[in-house]
Amino acid sequence: MSIPTHEDQRDAKETLAFIRRTMESASTYTAVSGWGLVAVGTVGLVAAWLAWSGNLGADLRIWIPAALLSVPIATAFNVTKARRLEVPIWTGAIRKVVWVMAPTLVAGGLLTIALAEQGTTGLLPGTWLALYGAGVTAGGTISVRAIRGMGVLFLILGAVALLRPEWGLPLLALGFGGLHVAIGLDIVLRHGG
Amino acid sequence: MADSTTTETLDRLIHERIRLGIVSALAAEERMSFADLKQVLRTSDGNLSVHARKLEEAGYIKVSKGFEDRKPKTEYRLTTKGRRALETYLAQMEAILSEARDALERT
């Protein structure tokens with residue numbers, strides 16, 4: 001076998017990188033916007049501050065609009081990042097993420113209605129944190145590692161909030177505010193925006 | 001491409017960039033629609049069709065045609081032959097790098 005030239009070596013490296021990029025692009029959702037998570041975290045912090053200043057805890061009049069507002073914000077940031085990176089937006093991978101996360105989020109919505117009707121709103125923070133964590137952990141298997149880690153941390157916060165309902169509001173602030181901002185900044189630094 | 005024994009033995013069928021992209025994407029995702037493949041590879045309908053047909057003729061991929069919401073849908077899957085071809089191709093690429101590393105160490 002003759003010794004490969006520099007050109008062969010460069011071609012081989014470039015080809016392996018192309019294969020890797022293509023496989024990632026086909027199977028994983030990598031265009032998660034760190035700034036999007038920071039923005040969603042800011043919404044979470046504002047909601048927590050409003051709940052704290054009005055002594056309202058897990059009041060649905062604050063947290064449901066906050067959750068609804070977060071969806072278009074995250075979508076806009078992710079679409080912008082995908083366009084900047086020139087990666088596809090609506091692929092099989094993102095459809096999978098949506099399908100994997102949707103059942104736990106729907107279950108969270110149903111439990112919210114049931115708990116609110118029963119008047120056991122003290123369990124809402126733990127329910128939201130745990131189910132959001134379960135959904136994000138599952139969705140994270142098809143995305144970047146930081147997202148999976150964030151899901152596990154949300155699950156832990158949810159478990160604490162369910163066992164200590166009196167800590168509900170600080171844990172909501174820590175999760176939907178602090179965790180989103182911290183993981184968002186980590187993605188900004190490691191994955192470029 | 002430079003003249004060496006290693007590069008000469010490469011499988012020309014998947015050495016072409018779009019075909020290599022199709023095979024790589026299908027190695028990561030069990031089945032992909034024409035639309036998804038087109039997005040991942042950022043290529044035109046005509047280009048994707050031509051290259052996919054060549055891979056199908058070689059038995060590297062399998063094509064199934066059906067309907068979804070009354071719209072025609074074409075799906076692609078990698079065959080065992082196609083997966084083996086990609087594995088061989090990857091081993092050859094790694095061999096080129098390994099050969100180059102050995103040559104560097106000898107100097």
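This is a predicted model: local features need pLDDT of at least 70, side-chain atom pairs count only at pLDDT 80 or more; totals for chains, interfaces and linings use all residues.
**Stop one: the interface.** Select chain A and chain B and show the residues where they meet. You'll have 30 residues from chain A touching 30 from chain B. Together the two chains bury about 2700 Å², with 66% of that on carbon and sulfur atoms. Now look for charged pairs: three salt bridges run between the chains. For one to zoom in on, pick A:Arg95 and B:Asp36, whose closest N and O atoms sit 2.6 Å apart. On chain A's side, colour helix H1 (6-27) and helix H4 (92-118), as each supplies at least two of the residues that touch chain B. H1(A) has the largest share, 16 residues. Colour that side by class and you get 13 nonpolar, nine polar and eight charged residues.

**Stop two: the largest pocket.** Next, select A:Ala67, A:Val71, A:Met101, A:Leu105 and A:Tyr132, which of the 43 lining residues lie nearest the pocket's centre. The space there is about 1500 Å³. H3(A) gives the most to this lining, with 12 residues. Switch to colouring by class: 29 of the lining residues are nonpolar, 14 are polar and none are charged.

**Stop three: the second largest pocket.** This one has a volume of about 430 Å³. Select A:Arg21, A:Thr22, A:Ser25, A:Val87 and B:Arg42, the closest to its centre among 17 lining residues. H1 and H3 of chain A each give two or more residues to the lining, as do helix H3 (17-28) and helix H4 (34-41) of chain B. H1(A) gives the most here, with five. By class, the lining has eight nonpolar, four polar and five charged residues.

Notes:
Residues are numbered from 1 along each chain as its sequence is written. Chains are lettered from A and ligands numbered from 1 in the order in which they are written. Side-chain values use heavy atoms; hydrogens and water are left out. Contact means heavy atoms within 4.5 Å. Buried area is the accessible area (1.4 Å probe) that two parts lose on being put together, summed over both. A salt bridge is a side-chain nitrogen of Lys or Arg within 4 Å of a carboxyl oxygen of Asp or Glu. Helices (H or I, at least four residues) and strands (E, at least two) are DSSP runs, numbered from the N terminus. Ala, Val, Leu, Ile, Met, Phe, Trp, Tyr, Cys and Pro count as nonpolar, Asp, Glu, Lys and Arg as charged, and the others, Gly among them, as polar. On a 1 Å grid over the protein atoms alone, a cavity is a set of points where a 1.4 Å probe fits but cannot get out, and a pocket is an open set with protein on both sides within 12 Å along at least five of seven lines; lining residues have an atom within 4 Å of a point. Grid points are joined across faces, edges and corners, and a volume is the space filled by probe spheres set on the points.
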